[in-house]
Amino acid sequence: MITVKRKVYFVRRDHGRKTIAAAPRPADQSPPGRVPRISRLMSLAIRFDRLIREGKVADISELARLAHVTQPRMTQIMNLNHLAPDIQEELLFLPRVVKGREPVHERMMRSVAAELQWGRQRQSFSFRTCK
């Protein structure tokens, strides 16, 4: 009698159906590091703004209640929408942080977002990120 030993890997396909695969599925292939907090806050600000514009949420106060944060904190997050579009894009696509502190913080961006002119925002932003 001959015995053949071989490792078998099961993979879930459509509708939860299991099939046999030739090799194991690679573990989580996400790049190392974490997404910077300012990137996550910027994407939240854009999403919250869309919810208000579409009428799914009445106002910032209701958003704050739903997100379990204070209304002033929600205002701080929403003020990121006042940044120039290229600054918003740069914040969204910051490189992942592998170790150490993040290069840009939300507190740093408050004074930049308070500027009305995008040109001044760009100058202030480039100055802050060079430090």
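Reader: Why are α2 and α3 called roughly perpendicular to each other?
Author: Keep in mind that this is a predicted model. The axes of helix α2 (residues 60-67) and helix α3 (residues 71-78) cross at roughly 105°. Angles of 65 to 115 degrees count as roughly perpendicular, so α2 and α3 get that label. Their axes also come within 9 Å. On the α2 side, the contact is made by I60, S61, L63, A64 and A67; α3 brings in Q71, M74, T75 and M78.

Reader: Which residues does F48 touch, leaving out those up to four places away in sequence?
Author: F48, which lies in helix α1 (residues 37-53), touches L63, M74 and M78.

Reader: Is F48 buried or exposed, and how do you know?
Author: Check the number: F48 has a relative accessible area of 12%. Buried means under 20%, so F48 is buried.

Reader: And what about I20, buried or exposed?
Author: I20 sits in strand β2 (residues 18-21), and its relative accessible area is 60%. The cut-off for exposed is over 50%, so I20 is exposed.

Reader: How far apart are F48 and K18?
Author: In sequence, 30 residues; in space, 39 Å from C-alpha to C-alpha.

Methods: Residues numbered from 1 in each chain as written. Predicted model: local features only at pLDDT ≥ 70, side-chain atom pairs only at ≥ 80, totals over all residues. Heavy atoms only, no water. Helix = DSSP H or I, 4+ residues; strand = E, 2+ residues; numbered from the N terminus. Buried < 20%, exposed > 50% of the residue type's maximum accessible area, 1.4 Å probe, protein only. Contact = heavy atoms within 4.5 Å. Axes fitted to C-alpha atoms, helices over the stretch in contact; angles between N-to-C directions. Parallel < 35°, antiparallel > 145°, perpendicular 65-115°, else oblique.
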